[in-house]
There are 6 protein chains.
Amino acid sequence: ETPLSSPAVLRAMSSSAGPTPPYTTLAVSRPAPAVTHVEIHRPDKRNAMNKAFWREMVECFSEISEDQDCRAVVVSGAGKTFTAGIDIVDLAGEVLQPRGDDTARISYNIRKTITHFQESFSAIERCPKPVLVAIHGACVGGGVDLITACDIRLCTQDAWFQVKEVDIGLAADVGTLQRLPKVIGSRSLVNELALTARKMYADEAKSSGLVSRVFQHKAALMAGALEMAEEIAGRSPVAVQGTKINLLYSRDHSVEEGLQFMAAWNMSMLQTADLMKSAQASMEKKSPRTVAFAKL
Amino acid sequence: ETPLSSPAVLRAMSSSAGPTPPYTTLAVSRPAPAVTHVEIHRPDKRNAMNKAFWREMVECFSEISEDQDCRAVVVSGAGKTFTAGIDIVDLAGEVLQPRGDDTARISYNIRKTITHFQESFSAIERCPKPVLVAIHGACVGGGVDLITACDIRLCTQDAWFQVKEVDIGLAADVGTLQRLPKVIGSRSLVNELALTARKMYADEAKSSGLVSRVFQHKAALMAGALEMAEEIAGRSPVAVQGTKINLLYSRDHSVEEGLQFMAAWNMSMLQTADLMKSAQASMEKKSPRTVAFAKL
Amino acid sequence: ETPLSSPAVLRAMSSSAGPTPPYTTLAVSRPAPAVTHVEIHRPDKRNAMNKAFWREMVECFSEISEDQDCRAVVVSGAGKTFTAGIDIVDLAGEVLQPRGDDTARISYNIRKTITHFQESFSAIERCPKPVLVAIHGACVGGGVDLITACDIRLCTQDAWFQVKEVDIGLAADVGTLQRLPKVIGSRSLVNELALTARKMYADEAKSSGLVSRVFQHKAALMAGALEMAEEIAGRSPVAVQGTKINLLYSRDHSVEEGLQFMAAWNMSMLQTADLMKSAQASMEKKSPRTVAFAKL
Amino acid sequence: ETPLSSPAVLRAMSSSAGPTPPYTTLAVSRPAPAVTHVEIHRPDKRNAMNKAFWREMVECFSEISEDQDCRAVVVSGAGKTFTAGIDIVDLAGEVLQPRGDDTARISYNIRKTITHFQESFSAIERCPKPVLVAIHGACVGGGVDLITACDIRLCTQDAWFQVKEVDIGLAADVGTLQRLPKVIGSRSLVNELALTARKMYADEAKSSGLVSRVFQHKAALMAGALEMAEEIAGRSPVAVQGTKINLLYSRDHSVEEGLQFMAAWNMSMLQTADLMKSAQASMEKKSPRTVAFAKL
Amino acid sequence: ETPLSSPAVLRAMSSSAGPTPPYTTLAVSRPAPAVTHVEIHRPDKRNAMNKAFWREMVECFSEISEDQDCRAVVVSGAGKTFTAGIDIVDLAGEVLQPRGDDTARISYNIRKTITHFQESFSAIERCPKPVLVAIHGACVGGGVDLITACDIRLCTQDAWFQVKEVDIGLAADVGTLQRLPKVIGSRSLVNELALTARKMYADEAKSSGLVSRVFQHKAALMAGALEMAEEIAGRSPVAVQGTKINLLYSRDHSVEEGLQFMAAWNMSMLQTADLMKSAQASMEKKSPRTVAFAKL
Amino acid sequence: ETPLSSPAVLRAMSSSAGPTPPYTTLAVSRPAPAVTHVEIHRPDKRNAMNKAFWREMVECFSEISEDQDCRAVVVSGAGKTFTAGIDIVDLAGEVLQPRGDDTARISYNIRKTITHFQESFSAIERCPKPVLVAIHGACVGGGVDLITACDIRLCTQDAWFQVKEVDIGLAADVGTLQRLPKVIGSRSLVNELALTARKMYADEAKSSGLVSRVFQHKAALMAGALEMAEEIAGRSPVAVQGTKINLLYSRDHSVEEGLQFMAAWNMSMLQTADLMKSAQASMEKKSPRTVAFAKL
């Protein structure tokens, strides 16, 4: 169904031109209809997350949330590796030398900074379009915070993951400790990773459920991610976005509460024309991707 | 411990006579002492869930809840496949052409319908007797909603699962989005299944934890399910039902709250004669299945 | 990094001298700097949990919580097996013959007893230092309650696990039903184990995520556990204990609430000197274990 | 706006004919368009709640929930007093002599009975039409459970309220302990009433917020209740029922969660024709009661 | 303590110059040190809430949140009345004629709008500085949504309040149904107000707890509000903002959870220099308002 | 029903002998059968809460919890006033000069201290016997934390209450911010009190619902408190303690969850002999206080 060969995909999803203005750390493109590709683009810094990055993520995903032409998102990293995590040099001032007249005021300002950083990845969750993340090479520290806020995780055979924060003397505070245990099933493994900062490689990432697919190399990964994104983008956006929103709601509520919210949601959403169009395609044994859905 | 051979079990658990009146879609039998078998029985329609089915599930499980002679339940599907999901032809009127004088009133009625459908499977959870589900062939759409509301999932090697709803233009609203993430450990996989509607086969169902056992063919599946149901039915109903009720309570509460409820529950339940009887059997190295427990 | 050979470790972690006074069921030692080893020590009774054990666990972990020289804990069992579970002979009076003038009063007293037992293992969770548990041989009944309250689970190839309670005529009430489903990813498996009391062996314990590592024999297990405990004990206690506390908080709250608590926590914790020391070591490519951290 | 004089109202709302078949304890009538009057009707037994009453309440409010011609409900008591509470003579068997082979089984059955009783009043909450309750004379025991499940409480000057259960040797278990603290603002008063079983008279009921209006005598009370019910019944049922449903949802959730549910609810409900009709009437300075709304 | 006479205060807090650019509906001033006055300023439209207002409230309170020179806020309305509520003429397009290709898409857009409106008042809650609201004359519809999101409510003798939405054919969806029941103690009164849209006057607003003080006329109200705001602004901002943040957190959580969050909050905040300065002033019998606190 | 005259009561409840060893700040007595009187006894220090007090409260209420001869508790203050709050001189070391090698470690220790203080009052809630508090004169700072953790609040006409913490530069962290809003109905008043530290006198305490009764002077207060405590102590302890436990559970849970816990609780508690004894007394028109109940 994806007519492009892997290398062609890789070219389509590469961003030789560098970041897309006004962004300085993100290259944003549309490799296929209704699919937005967000590439972290600081390859010479191993895609380390600097001040600009944290701000631009919020802007970028706010824009994507409103972009009716986008129905699925792929996040990846430019260059040799996904991300080395926080850019400690660029952020040293904010993180290592917080301001304030006394400890209470310093603390107050630190909390603001943490909350500000947390927002950058919560923005991914708040975006109603599904976000796939394609990971190759290193995914360290803040990188794990990022990918656990995405909906679907795919990686290459050479990918590795590290909850690095404990090695730097802090408890991870941008989402890993909150989301990782709700993303994989083995609590013993979560604790081991977070407390020892050991590396986890692709095979264990797959068997533990952190990623749902492993690809041979980056070209295959990008082709696979694009293919899956197109599958999703080709389906009814009413169905797809309702699914994401309700899956997230259910994560944080009891089953009974999730069912109540679901019913309140779908009492209007079932009145979409997409239902009839999709049902018809289904009866005619056509793919939903052949249907033209109105924007949402 | 099950003296019956697999083919004999299959005969014991088949329902050539068709649905058990007054039911028109369910064949209900007692293949072993204290074990109730509920077979979805519309084989010529691939066990598609029609209007009658949704109503009869509630009635059937209400009855089972009150039936003191039943201590464990096996659910399966008659014919070639577990279930093709919702019977869209039979339900077209209700689902595709809801009534109401304006959008608000139409929505109000749709919500009633969704809630009514949700009840059909929540009835399985509310039933205090453990419910095993034995899946062979296709388990599509509403079928996934159904099996995630059961306590133990077993399947054949040829079983496959599909969260089909997104292909029909809607977000699944009868329980899959609420229960599936609490039933298997990999959130990336849950999202992938729900957003792409791809099929998942038995091996992945086992490795992801959706099912806890895979059998070669249907006869073995039914024998295995019956054997496990008898194991459960042979134990103290005070212990078994208390276990189910508290496992479900804990799913939706914090550990601390779960412990509190557990203590309030067991302060009376530990006063059962079953405790002494079971302890004695245990000390005599006898199986709890040799003990005669009073009804509950 | 652990200079000791496996047999040496085993010697270091054995407790031929028996329980450490004033304890009568626990041998407490310090096999490596900042690592406390708690060995359940009733080998002739297969480490069955008697009255003294339940009380001593609380005392021991209260003491460990306050002990600034301890930064990680390993729990294991002396002798041939981890634990046979509750010592029903010693506890028969309390459990099987509760006092009280009428059913209400008997119930009231039973609830006190259950709550008292629950406390013994909740004490492990409340202890801010990470607790690793090393399991060999049998881990039955109360043993499963115990290990699910620990942070990291490791076992030998010959270990097996059994949620035994249903065989004795009761629903497990000291934590298994509350914690096991939050510890492993497959709900079908949890239900099967709790409702049938079947044994689960090391391989399934690993693939289901109950344990995160399996070792060939007890000497390797103890060496591995000690090694991992030293890894953890060598890192910043501010980082490590903050990680444990927030991982547990997040288990019982929504992601949004977890993030809020995390920010309130770290607004002061990031002001630790450990951050700078660790960052420096990291930049110098040294292990955090080379850093001297102040006590906590 | 109500053309009837008080005595005429009282006649309209009296039920000399006794209970309305098939009910044996409830007289159900329609004293004004779209207003249903449910009168507890066992005046010679001081409206004590017997076995039939608990069952009929559920049936009656299930029916009202589905009755599109009803938009508001008034509950009151026939004869000299609102209700003396549970009919202990009629229920002695079920409550005082529960069946079961051992304490666990007796407890299990008692829990079923309590849950069954709780349902009778939760049915009032689940009914989406607002329920006003008009109380005169005594409102004792189960009567307090009942009225706290209603939406609006009105009473006569001679009304008095008593949380009687503690005097009979039990903790109130049909809703008073759960709802009373969420219905009035003073927790000290709630505790005093529940722990001492003292009577509270109309003035304190008003100043504490238990009732929102006090009337001189029963005729005035019934006229006032009917008048208020007509006010409510005359407004858009989409607006009124949405208001009740969301007020109850918000009681049991955080503000943030309540807002989310509200938005999911109103995204369809605002598409009602009632909005335009009501807005027009409002601009023309007409009462909403002059508008003809479609059924819901 | 406030040296100004009432008329002088009124002049100080009047805004004859009209809205403060860039705002078009809000006049923002600083009538006393560290006190920000936000006046809704569309007096010729009875301060009806138009499109600009909803947007400007978010901007204004975001700015106030960051403004370290502001320690307390007073909100009031210009002209004859507090506010007539939503400006239905200005918002007719958005509210009455929502866009979208089918019902699902229209609903989706309506939900966005509701969420957007809800944000305007949630911004008041998220602002860590205490917000007092001074109400005179009418406070209708959206006005009640607004004031329930403020921390302290004061009014004139001629003020009246009306939950108007049900009269326009909708359930209030900008916060009233969520916050009003958590703001006043009588649930019967809340329900009556929301279901009948009747007016509530100052006396009942006081006795029911909606407002905590009533003043004779607007000049006295503004003087009283300013006086109270100065009291608050004169205290340690570490203490004051910590109090607001924790009061709001506790509203939506159990006592136990509230205590945990409080402890995590104050473990750093107690290290403020304000503590020593305030304690010293207290021992010297000086008002905390005499202390110079650092900014926060 | 209380045969003692007020002065006699006052003598009975006075503690001229000073604190009851081993306590140094509490005088504990039994002024009537089954009623324990806990008097804060540092009259020369205006009952300020010193280090010993915080520890002794936990010990005292732990003991009361286990004392089967106690069925109700009265807390009051010796001398001229209820309590001046925290003894800042005695606690200066712990509170104002916390230890630790860096800010993180200081914070960690402060959190321990706060949690330790919070425990002192949570012990009152955890005690299953109802606790009445009788307040005269000043009730300042920590005093408000204390009384909001009690079940029933009574005061003299000269009592006044002050949430003092904000004046000392901190947000109250021992329970007031968590419990006060759940104890009185007006949120505007709660916020005003906590943010301005103004005094509230007996009349407003009564009208706002903080206290449920006001007495002329201390003798009348103590007589009234004792009388009410005897009323409670004279009723079935099964009923009384079940009521307290469930009222507290319901405060922190939804109505549905509260009902579930209630049913689990009462399924055993209704099997008490107290039920029959109380019912018999009731039918014979005797007070429950004439019944001899077994201990609990």
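Of the 296 residues in chain A, 64% are buried. Keep in mind as you look around that this is a predicted model.

**Chain A as a whole**

Chain A holds 12 helices and 9 strands. Its radius of gyration is 20 Å, close to the 19 Å that the globule rule gives for 296 residues, so chain A is as compact as a globular protein of that length. Along the principal axes, the C-alpha atoms of chain A fill a box of roughly 65 × 45 × 40 Å. If you count the contacts in chain A with a separation of 6 or more, 71% of them join residues 24 or more positions apart.

Chain A is also divided into two domains, domain 1 (6-233) and domain 2 (237-290). Their centres, taken over C-alpha atoms, are separated by 27 Å. Where they touch, 8 residues of domain 1 of chain A are in contact with 7 residues of domain 2 of chain A. The domain 1 side of this contact has 3 nonpolar and 5 charged residues, with no polar ones.

**Where chain B meets chain A**

Between these two chains, 37 residues of chain B are in contact with 50 residues of chain A. On the chain B side, α3 (88-96), α4 (103-126), α6 (176-183) and α7 (187-196) each supply at least two residues. The most come from α7(B), which gives 8 residues.

Here are the two touching sides, sorted by residue class:

**The nonpolar core**

In soluble globular proteins, nonpolar side chains tend to be buried together. The largest nonpolar core here has 624 residues, and Leu132 of chains A, B, C, D, E and F touches the most other members. Take Leu132(B): leaving aside neighbours within four places in sequence, its contacts include Val73(B), Val74(B), Cys150(B), Ile152(B), Leu154(B) and Met228(B), and Asp151(B) is also among them.

**A closer look at Ser186(D)**

Is Ser186(D) buried or exposed? Ser186(D) counts as buried, because it has 26 C-beta neighbours inside 10 Å. You will find Ser186(D) in the loop between α6 (176-183) and α7 (187-196) of chain D. Beyond its neighbours within four places in sequence, Ser186(D) is in contact with Ser208(D), with Gly185(E), and with Ile184(F), Gly185(F), Gly209(F) and Ser212(F). Ser208(D) is 22 residues away from Ser186(D) along the chain, and their C-alpha atoms are separated by 7.0 Å.

Methods. Residues are numbered from 1 along each chain as its sequence is written. Chains are lettered from A and ligands numbered from 1 in the order in which they are written. This is a predicted model: local features need pLDDT of at least 70, side-chain atom pairs count only at pLDDT 80 or more; totals for chains, interfaces and linings use all residues. Helices (H or I, at least four residues) and strands (E, at least two) are DSSP runs, numbered from the N terminus. A residue is buried if 20 or more other C-beta atoms lie within 10 Å of its own, exposed if 12 or fewer, and partly exposed in between; C-beta atoms are placed from the backbone. Domain bounds come from an automatic or database domain assignment. Ala, Val, Leu, Ile, Met, Phe, Trp, Tyr, Cys and Pro count as nonpolar, Asp, Glu, Lys and Arg as charged, and the others, Gly among them, as polar. A nonpolar core is a set of buried Ala, Val, Leu, Ile, Met, Phe, Trp, Tyr and Cys residues joined through C-beta atoms within 7 Å. The radius of gyration is taken over C-alpha atoms; the globule rule is 2.2 Å times the number of residues to the power 0.38.
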